[in-house]
Amino acid sequence: MSVLEEVMSDRGAAHDVTRNPIDEVMARRLSCREFTGTPVSRTTVEQILRVARFAPSGANIQPWHVYVLAGAAKTEVSAAILRAFESEPNEHVSEYQYYASEFPEPYLGRRQEFGRLYYNSLGIAQSDTAARSRQTAKNFTFFGASVGLIVTIDRRLAVGSWLDLGMFIQNVMLAAVGRGLQSCPQETFAKYHRILRPLLSIPAEQMVACGISLGHPREQPKARLMPRADLEAFASFKGFED
Ligand SMILES: Cc1cc2nc3c(=O)[nH]c(=O)nc-3n(C[C@H](O)[C@H](O)[C@H](O)COP(=O)(O)O)c2cc1C
């Protein structure tokens, strides 16, 4: 059984992926939260961003901006956010609302399942708030990845441009997989825009959308941790004869 089949097979999803390089790259992308710290060169990051820019965008406006951090610049950002995370736990909020205030079903159940699977995989009891907080803090060191990206979008644009931004971000993550790397998209960086703005000279009109950890995974995952709903749950077909 190939690694890909193993990754997919736990959830009986192997048949969802055809032997096609694009399908395989999509299936291999996972949110990685443990990286080796082995450097990723600027050239590699440039290649990833150059290909990711082929993401579509309404009227081709290309609303994305990326701050690419490595070495001392990344360490400085991590240290500043960690200080704020520890000393000012309630003072940092995102400029946009990522999650609904209340989740209707089926999203509520999925979010609860995410929490169960996520903390179980880390050996953390969901009631252990100190351990959960230590895990959350790892976001800010980009989970040990050698490259951290901070993605911003112009606040004067409308919600449609956030669709474009998501496509760009996905392209970045797939281009990473194509080079044997992994990533983790992280909305949690958006809360710390007041720290990031002066450190990275982010102009006032730019809003921090998310961060992305990018690097060499500590180990290639053997199985997909987060399941997906079956096709029937999200697709409605009409007019097909087969
Ligand atoms: C826009 C976005 C923001 C996310 N923010 C975080 C985050 O702040 N921290 C984190 O550990 N994971 C974050 N995730 C990862 C999700 O938890 C993950 O995509 C989901 O559980 C599905 O797992 P998979 O990506 O491994 O398939 C984010 C994902 C997306 C798309």
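The model is predicted, so local features need pLDDT of at least 70 and side-chain atom pairs count only at pLDDT 80 or more, while totals for chains, interfaces and linings use all residues. Residues are numbered from 1 along each chain as its sequence is written, and side-chain values use heavy atoms, with hydrogens and water left out.

**Exercise 1.** Work out how H3 and H7 are arranged.

*Solution.* Let's start with what to look for: two packed helices are described by the angle between their axes and the distance between the axes. Helices and strands here are DSSP runs (H or I, at least four residues, for helices; E, at least two, for strands), numbered from the N terminus. Axes are lines fitted to C-alpha atoms, for helices over the stretch in contact, and angles run from 0 to 180 degrees between N-to-C directions. For helix H3 (residues 42-52) and helix H7 (residues 159-177), the angle is about 135 degrees and the axes are 8 Å apart. H3 and H7 are therefore oblique to each other.

**Exercise 2.** Describe the backbone at Pro106 and at Gln62.

*Solution.* Pro106 sits in the loop between helix H4 (71-87) and helix H5 (107-121). Next comes Gln62, a residue other than glycine whose phi is positive, near 50 degrees. Gln62 belongs to the loop between H3 and strand S1 (64-69).

**Exercise 3.** Characterise the surroundings of the ligand.

*Solution.* Strand S3 (residues 182-186) provides the largest share, three residues.

Now turn to the polar contacts (pairs of N or O atoms within 3.5 Å). A polar side-chain atom of Arg228 is 2.7 Å from a ligand oxygen atom, and an N or O atom in the side chain of Arg29 is 3.1 Å from an oxygen atom of the ligand. A polar backbone atom of Pro185 lies 3.2 Å from a nitrogen atom of the ligand.

Notes. Near = heavy atom within 4 Å. Polar contact = N/O pair within 3.5 Å; in protein donor to acceptor, adjacent residues only side chain to side chain. Parallel < 35°, antiparallel > 145°, perpendicular 65-115°, else oblique.
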